[in-house]
Amino acid sequence: MRRWWQRRSLRFRLTVWYALTSTIILLTLGAAVFIMVSGRSVAQLDRQLRGDFEILESQITRNPAGELHWQRYERDEDERGEEIDPWFEILSPSGSVLLHQGPSSDWKVLSPLSQLGAGFKAFSAETEHHLHVRVLENETRIGGEPAILRVFRSETELRLALVEIGAVLLAGLPTAVALSAAGGFFLAGRSLAPVGEMAARAQQITADSLAGRLPVPNPYDELGRLAIVFNATLARLENSFSELRRFTADASHELRTPLAALHAEGEAVLRSGGSDLKTFREAVASMLEETRRLTDLVDVLLLLARADTGKFALSLDKVELGVVMKEVQETLLILAEEKGQRIEVGAEQQIVRADRDLLRLALINLVHNAIRYSEEGTVVRLQTKSREKNTLIEVIDQGPGIAAEHQQKVFERFYRVDKARSRASGGVGLGLAITRWAVERQGARIELESEPGHGSIFRIVIPIDEQTNR
């Protein structure tokens, strides 16, 4: 049953739930109305019986012989204005009938004498001729003798009225439920129509057409907000696919270049047909250089692949910045000396909570980048500062600087401000992308200040962990 229900359309299920809810509400409301009307009618009848009781109690007397006598000096009127006699019984404490008045001379109420306490008792009863009456009885004293007075009124009109009300409620229930179901079916269709449009549009969106978006009929309701969120997801997917295609194309280009160089070197040696050892050495050296470049590129691509899958294990610990910056200086000292440059370190005694290997990788990439793009004889400086609740690590170079329109894009993969110059210096445009990933992976961020012709400042901002400095 559950599986059958789950296979039904949402519109069908909403209509059924709406009809069931309406049925329960109508049944509850009808029962409440019926009970309220019935209670009020019975209460009104009991008030009339109480009036009859008081009148009869004052009209019944006992003659000198001890017989009961009813003095009819006041009568009620029926709905047509005609006077009617009240129905009553006077019983002895043992239950024998002393005096009675009813619709006929031989009528009898099929109800035994109640065990009366203090106060009146009202109940419904039936006569021998199947006449339903309402009874009110209480103890009284007539002529100084104890007796029980019962007064009656017919429940025929009351029962007919209740039957009519019940019939109207029961007859109107199916119609009301049917109208509710029809209205629910219509409203569900109108409400879910945008879902059908979104589903149809979503089926048309593929990996080759991620530019498509879902319609947003009303941005303020739930379906509109869902469409907006879905469109934002499609936009992110489109950007991710675009970056993936660009990354694949750039990676293919970078891999193809050293492979083409290797192939060209090999063909050149084979075509020369010479036996000069020097020529072979130069060819092998050139091929080894291209192989090294190819190996470095593959290693970087593997690192980025691990970063994208989130499988890179992070090890946060206390790291002394001065020690790490000295290690970076020693690692790149030879590369700087080849260009006649100096690496100066001005580090305060500061300890941060970071992944030592990732932080070292980020600094090596930044300093290497500064050495590569700075002129000969310049200085690359590493220094630390404190700003509010952050520790700053700055890499300052005296390079050509970066224009404002390129400053956010230099952290993208394979992006080069000057492609020809980057290729000539051996770069592939992945160093800053890896640096940003390594920094953000630790909960820090990287900033860039640069102006063409005045060098650049790459700044790593690490939030201060109060527990680290304790």
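Visitor: At what angle do helix 2 and helix 3 pack?
Guide: This is a predicted model. Two packed helices are described by the angle between their axes and the distance between the axes. Helix 2 spans residues 10-59 and helix 3 spans residues 156-204. Their axes lie 8 Å apart, and the packing angle is about 160°.

Visitor: Are helix 2 and helix 3 roughly parallel or roughly antiparallel to each other?
Guide: Angles over 145 degrees count as roughly antiparallel. Helix 2 and helix 3 pack at about 160°. The two helices are therefore roughly antiparallel.

Visitor: Is the crossing of helix 2 and helix 3 left-handed or right-handed, and how many residues of the contact are nonpolar?
Guide: The crossing is right-handed. In the contact of helix 2 with helix 3, 10 residues are polar and 1 is charged. The nonpolar residues there number 22.

Visitor: Which strands stand at the edges of the open sheet?
Guide: The sheet has 5 strands, paired antiparallel, in the order 6-5-9-8-7.

Visitor: Which residue of strand 9 is the bridge partner of glutamate 139?
Guide: Strand 8 covers residues 132-142, and strand 9 covers residues 145-154. They pair in the antiparallel sense over 10 bridges. In strand 9, the partner of glutamate 139 is isoleucine 148.

Visitor: What angle does the direction of helix 2 make with that of strand 9?
Guide: Helix 2 packs on the sheet. It touches strand 5 (87-91), strand 7, strand 8 and strand 9. With the direction of strand 9, the direction of helix 2 makes about 140°.

Notes. Residues numbered from 1 in each chain as written. Predicted model: local features only at pLDDT ≥ 70, side-chain atom pairs only at ≥ 80, totals over all residues. Heavy atoms only, no water. Axes fitted to C-alpha atoms, helices over the stretch in contact; angles between N-to-C directions. Helix = DSSP H or I, 4+ residues; strand = E, 2+ residues; numbered from the N terminus. Parallel < 35°, antiparallel > 145°, perpendicular 65-115°, else oblique. Left-handed = near helix turned anticlockwise from the far one by under 90°. Nonpolar A, V, L, I, M, F, W, Y, C, P; charged D, E, K, R; others polar. Pairing = 2+ DSSP bridges. Contact = heavy atoms within 4.5 Å.
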